[in-house]
Amino acid sequence: MKIIQSMSLFALLSLLTATPLFAGMNYAISLKMGDEYRGSGDFDLALEEYGTALTQASNDTEKGLALAKKAIVYAYDKKDYVAAKNLAQQTLDMGQLEAVARVTALDALAQCQMKADQNYVAAAATLEEATKLKGVDWALPFLTLSLGDCYRFSGDFDKAVKVFESVTRLESADDAIKGVAYLNIGQTEQYSLQNSSAAKKAYKKAAEMNPGLQGEVDGHLSKLP
């Protein structure tokens, strides 16, 4: 009894439950908390929450989304591409998946193919598959930007420009994302296609759509004749 009285409430509760104190009370809450931790840069806690959500999942659809979200953290934030690819593949191998889980897993897999494998052909195929899923309009701007990068890094510069241009026409793309697309067009025109006029036009649009890019735009413009 004396031992218990001398413990902090945190320590006592930790002994009485097998679930970490930061864990959500159910699948939806754990998933939401994981998203919030990732948004604030607490990637380890995000992984803990997604892991808790995985144990709370009641079906393969829910398990798939929790796994896919873990894969995203490893791919984009932890840069652990081996872990990310393994989790993404586990997700994609599952039978019942909603579009949100599949598109998240494909996004993580493509990131691994681009950054770790430098296999831009494979990454482009993965992203093309993701963009064709139904009900993922919210993800199209980011997926399409990555697809444009695949074509740019693989040397298909004309196709890269066309893909970046398609981002600027997406209804689900906000002005900030469209600005990034125009910036990528400018860089491709300037450094790969050697088209100074087209690059300047793209940079102007980039700064108009996303004023936060002005400094980067100015840096590129200073290198043009």
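Start with the largest pocket, which holds about 550 Å³ of space (a pocket is an open set of points on a 1 Å grid over the protein atoms alone, where a 1.4 Å probe fits, with protein on both sides within 12 Å along at least five of seven lines; the volume is the space filled by probe spheres set on the points, which are joined across faces, edges and corners). Select Arg38, Ile72, Tyr76, Asp107 and Phe142: of the 22 lining residues, these are the closest to the pocket's centre (lining means an atom within 4 Å of a point).

This is a predicted model, where local features need pLDDT of at least 70 and side-chain atom pairs pLDDT 80 or more, while totals for chains, interfaces and linings use all residues. Numbering runs from 1 along each chain as its sequence is written, and side-chain values use heavy atoms, without hydrogens and water.

Next, colour α3 (27–39), α5 (60–78), α7 and α9 (140–153), the elements that each give two or more residues to the pocket lining (helices are DSSP runs of H or I, at least four residues). The largest share, seven residues, comes from α7.

Now hop to the loop between α7 (99–115) and α8 (120–131) and pick Gln118. Its phi is positive, about 55°, although it is not a glycine. Is Gln118 buried or exposed? Exposed, with a relative accessible area of 55% (exposed is over 50%, buried under 20%, partly exposed in between, with a 1.4 Å probe and protein chains only).

Last stop: Gln194, in the loop between α11 (175–192) and α12 (196–209). Gln194 also has a positive phi, near 55°, and is exposed at 59% relative accessibility.
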